[in-house]
Amino acid sequence: MTINDVRGVLKGRVLLPDDDGFEQAATAWNLTVRQPVAAVVEAADADDVAALVRYARRAGMTVTAQPSGHGASGDVEGLILLRTGLLNEVEVRAGERVVRVGAGVKWGQVLAAAGPLGLTGLSGSAPGVSVTGYTLGGGVGWFSRKYGFASDSVRAIDIVDADGEPGRVTAESDPELFWALRGGGGDFAVVTALELELYPAPVLYGGRVIWPEHRTREVYDAFLEITAEAPRELSVWINRLQPPGASPMVTLDLAYLGEAAQGEDLLARIDKIEGAISDSRGVVPVADLGDIAAEPTDPAPSIARAELLTGLDADAVELLLAKPVEPLINVQIRHLGGALAEPGGGAGASGAVAEPYLLGLLGLGLPHAADATRAKQAEVVADLEAYISGRKPYTVLSPGDMAAKSFSGSALARLREIKRARDPHNVFRANYPVLG
């Protein structure tokens with residue numbers, strides 16, 4: 001059987017390089033990333049996934065699963081790209097505080113379903129990101145300071161293994177695979193559905209405050225003061241923005257898992273900074289959580305780089321503010337800590353993140369800008385060398401990174417052992433493979 005013959009076995013679409021629609025189907029969300037795959041399969045259901053894996057196992061081919069294409073590395077030459085967007089079931093079991101999602105579900109769908117019930121999942125900043133891809137990589141989002149990685153909230157996982165057999169993985173049924181799948185990436189099986197814990201969110205308070213560039217020092221001072229004593233329910237991110245064709249500005253993105261009055265008190269320091277261009281703080285419906293950071297929802301060519309910071313003192317701030325943001329679009333710092341630094345006993349492969357801040361550097365990936373973007377990112381990292389740990393959460397790896405950056409030596413060795421045992425023929429390849 002050839003890949004062309006699989007068309008007669010699957011209910012979903014099979015696209016080969018000469019087919020109309022192949023290029024679009026193979027395109028990553030980040031348009032800078034190229035994906036030279038051998039075929040694209042759009043699975044209609046979990047049975048399609050199993051049939052495809054059985055074919056790949058017999059044919060000596062490798063499958064890489066991408067629900068939406070976020071997080072793609074481009075390291076996919078000659079592979080079969082599996083799209084799981086049609087596996088889009090969302091079932092909220094409010095009494096259990098659990099949501100069951102198919103592998104193609106995006107966070108915005110979960111928040112829309114859970115919010116009216118006074119519940120939330122541990123989503124990131126962008127509602128268009130798939131729950132499965134985000135969670136398999138760990139997932140650091142708005143409420144991670146309170147509840148940890150999204151991957152640690154997984155209760156059960158429906159998979160297809162390397163022999164093409166469907167199964168259900170829990171802490172009791174297969175503790176090793178359950179540990180690896182929660183934060184170790186998609187190297188061990190294809191996930192067809194997840195069951196995740198939901199958390200009480202009767203009220204959320206938050207928003208974005210924007211100031212002109214000349215207020216940057218004051219905003220950074222406020223950011224340091226607030227994050228020094230912030231409760232775990234409060235997440236604060238600071239951005240130096242340089243939108244193309246617009247004036248530079250500085251913003252604070254804020255989310256508080258609690259009553260508005262308490263949030264206002266915790267963030268009163270912000271009110272001392274005059275000259276805000278806009279201030280959207282207020283009660284935020286769970287379904288609108290993705291609006292706070294106002295991240296792009298459509299595919300675009302970009303180049304991102306992230307680094308963990310061991311601290312953020314006055315000297316580090318001086319380095320961050322000494323030079324203009326251009327040619328980057330955003331220099332962001334997210335406050336971490338809390339539960340991320342203290343995972344529970346049942347935590348997955350993501351482990352602990354001791355570093356208190358995450359630096360994000362974003363720029364355009366267009367041909368005329370790509371070299372300048374990468375050079376500026378390298379310059380910022382070099383300036384902050386004394387504060388950069390060298391580790392990175394798996395969920396923020398970008399093309400050129402290796403999975404080894406995300407795990408301790410013992411965790412990486414354990415992941416590699418599980419990979420060799422569960423997928424000795426390399427039927428699966430994650431965006432950032434543990435054996436890479």
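1. Strand β6 (residues 98-102) pairs with β10 in the antiparallel sense over five bridges, and within this pairing Val 101 has Leu 194 of β10 as its bridge partner. Strands here are DSSP runs of E with at least two residues, helices are runs of H or I with at least four, both numbered from the N terminus, and two strands pair if DSSP finds at least two bridges between them.

2. This is a predicted model, in which local features need pLDDT of at least 70 and side-chain atom pairs count only at pLDDT 80 or more, while totals for chains, interfaces and linings use all residues. Residues are numbered from 1 along each chain as its sequence is written, and side-chain values use heavy atoms, with hydrogens and water left out.

3. Strand β10 (residues 190-197) also pairs with β8 (residues 154-160) in the antiparallel sense, over six bridges, with Ala 193 of β10 as the bridge partner of Asp 158. Eight of the eight residues of β10 are buried (under 20% relative accessible area, with exposed over 50% and partly exposed in between, for a 1.4 Å probe and protein chains only).

4. Gly 12, in the segment before β1 (13-15), counts as buried because its relative accessibility is 15%. Its C-alpha atom is separated by 5.3 Å from that of Glu 42, 30 residues apart along the chain.

5. In helix α10 (residues 370-383), Ala 370, Thr 373, Lys 376, Gln 377, Val 380 and Val 381 are buried. They lie on the same side of α10 because they cover an arc of only 135° around the axis, taken from the directions from the helix axis to the C-beta atoms.
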